[in-house]
Amino acid sequence: MALRSFHYVVSGIVQGVGFRMFLRRKADAHGIVGWTQNDAFGNVVGVAQGQEDALAKFKGYLCNGPSRARVTDVRFTEDKVIPKLEFDRFDIRLA
């Protein structure tokens, strides 16, 4: 199965509700690497890389988030096949 990479921007009530920790737990459980962080506009942004099937599940987690979150929009960009992973784990970055 091919390795893929994509960038994401999640909007709504996504800061202060444990969204980034939720994403790290899901990424770790599915072998996904990359990073996530809050941005200055109230969004959660990041990069996810891994196997196609795992990333399909991860996209679902991005669209729903943890129970306290209220996701109103998710944008995916730079979705592409990659020859190798560029990260060795999934990090939470400080903005």
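1. Leaving aside neighbours within four places in sequence, N38 is in contact with Q15, R20, N43, V44 and A95. Contact means heavy atoms within 4.5 Å. N38 sits in strand 2, which covers residues 33–38. Strands (E, at least two residues) and helices (H or I, at least four) are DSSP runs, numbered from the N terminus.

2. A word on the basis. This is a predicted model, in which local features need pLDDT of at least 70 and side-chain atom pairs count only at pLDDT 80 or more, while totals for chains, interfaces and linings use all residues. Residues are numbered from 1 along each chain as its sequence is written, and side-chain values use heavy atoms, with hydrogens and water left out.

3. Is N38 buried or exposed? N38 is buried, at a relative accessible area of 16%. The cut-offs are under 20% for buried, over 50% for exposed, and partly exposed in between (1.4 Å probe, protein chains only).

4. The UniProt record, an unreviewed entry, lists R20 and N38 under "active site". The two are spread over 19 residues of sequence, yet they cluster in space, with a largest C-alpha distance of 8.0 Å. UniProt positions follow the numbering used here, feature names are shortened, and annotations may be inferred rather than shown by experiment.

5. R20 belongs to helix 1, residues 19–30. R20 counts as partly exposed because its relative accessibility is 24%. Beyond its neighbours within four places in sequence, R20 is in contact with T36, Q37, N38, V44, I92 and R93.

6. What joins the side chains of N38 and R20? A polar contact of 3.4 Å does. Such a contact is a pair of N or O atoms within 3.5 Å; within protein, one must be able to donate a hydrogen and the other to accept it, and residues adjacent in sequence count only if both atoms are side-chain atoms.

7. Now the whole chain. The protein has two helices and five strands. From the N terminus, their order is β-α-β-β-α-β-β. Of the contacts with a separation of 6 or more, 79% are between residues 24 or more positions apart.

8. The radius of gyration is 12 Å, which agrees with the value near 12 Å for a compact globule of 95 residues. It is taken over C-alpha atoms, and the globule rule is 2.2 Å times the number of residues to the power 0.38. Along its principal axes the C-alpha trace spans about 35 × 25 × 25 Å. Buried residues make up 41% of the 95.
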